[in-house]
Amino acid sequence: MMNLTQLVLASHNAGKLKELQAMLGEAVQLRSIGEFSQVEPEETGLSFVENAILKARNAARISGLPALADDSGLAVDYLGGAPGIYSARYADGKGDAANNAKLLEALKDVPQEQRGAQFVCVLALVRHADDPLPILCEGLWHGSILFAASGEHGFGYDPLFWVPERNCSSADLAPVDKNQLSHRARAMALLRQRLGLA
Ligand SMILES: O=P(O)(O)OP(=O)(O)OP(=O)(O)OC[C@H]1O[C@@H](n2cnc3c(O)ncnc32)[C@H](O)[C@@H]1O
Ligand SMILES: [Mg+2]
């Protein structure tokens, strides 16, 4: 692996940038793809892996830098793994609050023991746009879906995600704690090993 000091993060999600930069530390500087382009690529893949690679290649092509992408989402057992790769688009692009409202409605009559869910994160790193060997790292975080939102931290579905090991929601966790436990933290721990940063 090349010596990486700068990576472009192939994401327009400020929450991801903050978390990933905190996990990477100072050794590697993450630059946002927003510095180079405001156009978001269409996420046409059928899996987290495909979408992560697609976003990473697109960012490397636009920036000329090695690129890291994060494709993530929430897989709810009762919904057969939905919204999954469609998590960001669950409420047709109306944003986090609408996504959360739709999920609460979909599960409103579902009892506690059937509300299991996992956050999924796939990180893909490409050295250049046509890299034939992307580095892929996956992380899962098991929990369940609350009956009402709780907490002010984080982003996305965090207020609805119950973290059994801490007895609170993901949005109740301080950022440093979420960044040790989350799907993204697990994927990043693997990536750091692969890059020799661990
Ligand atoms: O594609 P980019 O530009 O990276 O930004 P995005 O927000 O569209 O990201 P995804 O396509 O990967 O969709 C991820 C969805 O899953 C949600 N999600 C992912 N990680 C999360 C986390 O740590 N906490 C809460 N929600 C999360 C997030 O809010 C989105 O709705
Ligand atoms: Mg997206």
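A few ground rules come before the tour. Residues are numbered from 1 along each chain as its sequence is written, chains are lettered from A and ligands numbered from 1 in the order in which they are written, and side-chain values use heavy atoms, with hydrogens and water left out. As the model is predicted, local features need pLDDT of at least 70 and side-chain atom pairs count only at pLDDT 80 or more, while totals for chains, interfaces and linings use all residues.

**Ligand 1 and its shell**

Let's begin with the ligand. Around ligand 1 there are 21 residues, and those that come nearest are Ser 11, Lys 16, Lys 55, Asp 158 and Lys 178. To be near, a residue needs a heavy atom within 4 Å. By class, this shell has four nonpolar, eight polar and nine charged residues. Here Ala, Val, Leu, Ile, Met, Phe, Trp, Tyr, Cys and Pro count as nonpolar, Asp, Glu, Lys and Arg as charged, and the others, Gly among them, as polar.

Some polar contacts (pairs of N or O atoms within 3.5 Å) are set out here:

| Residue | Atom of the residue | Atom of ligand 1 | Distance |
|---|---|---|---|
| Ser 11 | side-chain N or O | oxygen | 2.7 Å |
| Asn 13 | polar side-chain atom | oxygen | 2.9 Å |
| Tyr 157 | backbone N or O | nitrogen | 3.1 Å |

Taken alone, ligand 1 exposes 610 Å², and the protein buries 93% of that (areas by the Shrake-Rupley method with a 1.4 Å probe). β3 gives the most, with four residues. Helices (H or I, at least four residues) and strands (E, at least two) are DSSP runs, numbered from the N terminus.

**The largest pocket**

Where does ligand 1 sit? The space it takes is the largest pocket (more than half of its atoms lie within 2 Å of the grid points). A pocket is an open set of points on a 1 Å grid over the protein atoms alone, where a 1.4 Å probe fits, with protein on both sides within 12 Å along at least five of seven lines; lining residues have an atom within 4 Å of a point.

This pocket has a volume of about 720 Å³, the space filled by probe spheres set on the points. Its lining counts 33 residues, with Asn 13, Lys 16, Glu 43, Lys 55 and Ala 88 nearest the centre.

**The second largest pocket**

The second largest pocket holds about 200 Å³ of space. Its lining includes Gly 15, His 153, Phe 155 and Lys 178. α1 (14–24) gives the most to this lining, with four residues.

Key:
Polar contact = N/O pair within 3.5 Å; in protein donor to acceptor, adjacent residues only side chain to side chain.
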